[in-house]
Every structure is written in C-alpha cells, then in structure tokens.
Amino acid sequence: HTGKMENAMPIGKMMDDIRNNNQELEAKLTTMFEQMRGTPEYWSTRNKEIRCMVRELGPFTFFFTVSAAEYDWDDMERVLIATNKDVPGIENMRRSARCAFDPVFMAKHFHHRFWAFFNEVILAKGGGPLGEVEDYFVRSEYQCRGTVHFHCVVWIKNAPRLGIDDDKTVGEFIQKHITCRLPNPEKEPILHKLVTDYQMYS
C-alpha cells in the first residue's frame, strides 16, 4: 500500500523519542501492535476480552479442542496434489510430507473446514449437539508438525452452573451432552472406529 499517511511521524523524530524513552510513543506503539497477531500486545488484548466475557456472561459452559485429521482427508489430498502438480514426484510423497511441503494450503483448508463445522453444527439454529450457543471464543494455535488446532469455549443458553444449581440438574445436563465410553465394535462399528481413530491418544 502506498500513499500519504495522515499524522505520519518522521523517522528522525521517532528515533529521538525512542532514545528519550518517550512514554507517548510507547503508548502509540502498544496500540499499533494490538492488531498484529502473535505479539504480546495482541494476546494481552484477547486475554482482556475473554476475561470481560466471563465477567459479563459467567463461566463458560464447555471447553473443547478441534484438531485436524489431515492424513485422512481425501478431498484435501486431491487438491494439494493438483495445486503442486509442477513439483516433481508430488504424487509419490507420503501424505505427511505433502502437508509439510505446503503448510499454508493445509492451514487454509482446515480453517475453512473448521468454520464450516463450527457454524453449521456447533452454532446450528435451534441448538446444536451442545445446546443453543449464546456466545463463544475461539483461539487457533499451530503444532510442531505445522498443522493448526482450535481451542474453543462456548456459553450455552440456560446451562446449569456448578455451585449454583443442584447436582442432579448439573449431572443430567452433562449426561445429555457428553459421552465418555468406548462404543461396542460389533454393535457400533463406525462409531467405534471414529472414537478409536480420532479421540484416543496412543
């Protein structure tokens, strides 16, 4: 982007202000860095936002993490190969190598996939599997292998609260929305495979 910047500061004056520990300049830089993802100022602002949400809405109802199953996504595999068709031997690479080769595409694909799931399932009109979501906060992070995962908190409408509602009401709400069991491989083979493939750590 080029063009005349309003209230632009000459570089000489900025250097003088830095040398003189100008507090006004520090405040301006802090405000500017608030918009830059990954900076301490950015995360300080996000921290204040979620603390404000908790203060106004109360404790969030659910916390969950969504990770990519990129090695099993055939649709992404096809597009990844087509996008990098000029790379010699791209078809013969292992899926993990292809994902590592083009992490930007992989991350963008998962972002689209995650938000489609979140908007259509979690935020479904009339209430999704967790109930009717009143508000939410999502943070994305990158793992060592280069793939992204999402940490999410949601506030559910009319959800009971520990320490406020009775144990029976809280227990029934948990039982309605959360399952912690290993499905029977003979009676529920598809569900058993999904749980053992994607919800268990070896």
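## Ground rules

Buried here means under 20% relative accessible area, exposed means over 50%, and partly exposed is anything in between (1.4 Å probe, protein chains only). Asp-74, for instance, has 43% relative accessibility and so counts as partly exposed.

The model is predicted, so local features need pLDDT of at least 70 and side-chain atom pairs count only at pLDDT 80 or more, while totals for chains, interfaces and linings use all residues. Residues are numbered from 1 along each chain as its sequence is written, and side-chain values use heavy atoms, with hydrogens and water left out.

## The overall layout

The chain has eight helices and three strands; these are DSSP runs (helices H or I, at least four residues; strands E, at least two), numbered from the N terminus. Reading from the N terminus, the order is α-α-α-β-α-α-α-β-β-α-α.

Of the 202 residues, 27% count as buried. The accessible surface comes to about 15000 Å², and carbon and sulfur atoms account for 55% of that; the areas come from the Shrake-Rupley method with a 1.4 Å probe, and for residues only the protein chains shown count as cover. Now for contacts, meaning heavy atoms within 4.5 Å. Take those between residues at least 6 apart in sequence: 50% of them join residues at least 24 apart.

How far apart are the end C-alpha atoms of helix α6? They sit 26 Å apart, which agrees with the 28 Å that its 20 residues (103-122) should span at 1.5 Å a residue. That expected span is 1.5 Å times one less than the number of residues. The buried residues of α6 are Phe-105, Met-106, Ala-107, His-109, Phe-110, Phe-114, Phe-118 and Ile-122. They pack against β1 (62-67), α4 (74-83), α5 (95-101), β2 (133-142) and β3 (148-156).

In soluble globular proteins, nonpolar side chains tend to be buried together. A nonpolar core is a set of buried Ala, Val, Leu, Ile, Met, Phe, Trp, Tyr and Cys residues joined through side-chain atoms within 4.5 Å. In this model the largest one has 24 residues, and Phe-64, Phe-110, Val-154 and Ile-156 have the most contacts inside it. At least two core residues come from each of β1, α4, α6 and β3, with α6 giving the largest share, six residues. If you leave out residues up to four places away in sequence, Phe-110 touches Val-66, Ser-67, Ala-68, Trp-73, Val-148, His-149 and Phe-150.

## Salt bridges

Side chains of opposite charge can pair when their charged atoms come close. With a salt bridge taken as a side-chain nitrogen of Lys or Arg within 4 Å of a carboxyl oxygen of Asp or Glu, a search of the whole structure turns up nine. One of them joins Arg-46 and Glu-49, at 2.8 Å from N to O. The two are three residues apart in helix α3 (residues 40-57), so about one helical turn separates them. Arg-46 is buried, at 16% relative accessible area, whereas Glu-49 is partly exposed at 34%.

Next comes Arg-95, which pairs with Asp-74 at 2.6 Å between the closest N and O atoms. Arg-95 lies in helix α5 and Asp-74 in helix α4, so this pair ties together parts 21 residues apart in sequence. Arg-95 also meets Glu-77 in a salt bridge, 3.5 Å from N to O, and that pair links α4 and α5 across 18 residues. Bridges with shared partners join Asp-74, Glu-77, Arg-95 and Arg-98 into one network. Glu-77 is buried, at 10% relative accessible area, and Arg-95 is partly exposed at 25%.

## Around helix α8

Which residues form a nonpolar patch on the surface? Ile-190, Leu-191, Leu-194 and Tyr-198 do, with about 410 Å² of accessible area together. Patches are made of residues with over 30% relative accessible area and no salt bridge: nonpolar side chains (Val, Leu, Ile, Met, Phe, Trp, Tyr) are joined within 5 Å, like charges within 9 Å. Tyr-198 lies in helix α8 (residues 189-198) and is partly exposed at 43% relative accessible area.

Leu-182 lies in the loop between α7 (167-177) and α8. Leu-182 is exposed, at 51% relative accessible area, yet touches His-192, Val-195, Thr-196 and Met-200, not counting residues up to four places away in sequence. Leu-182 and Thr-196 are 14 residues apart in sequence and 8.0 Å apart in space, C-alpha to C-alpha.
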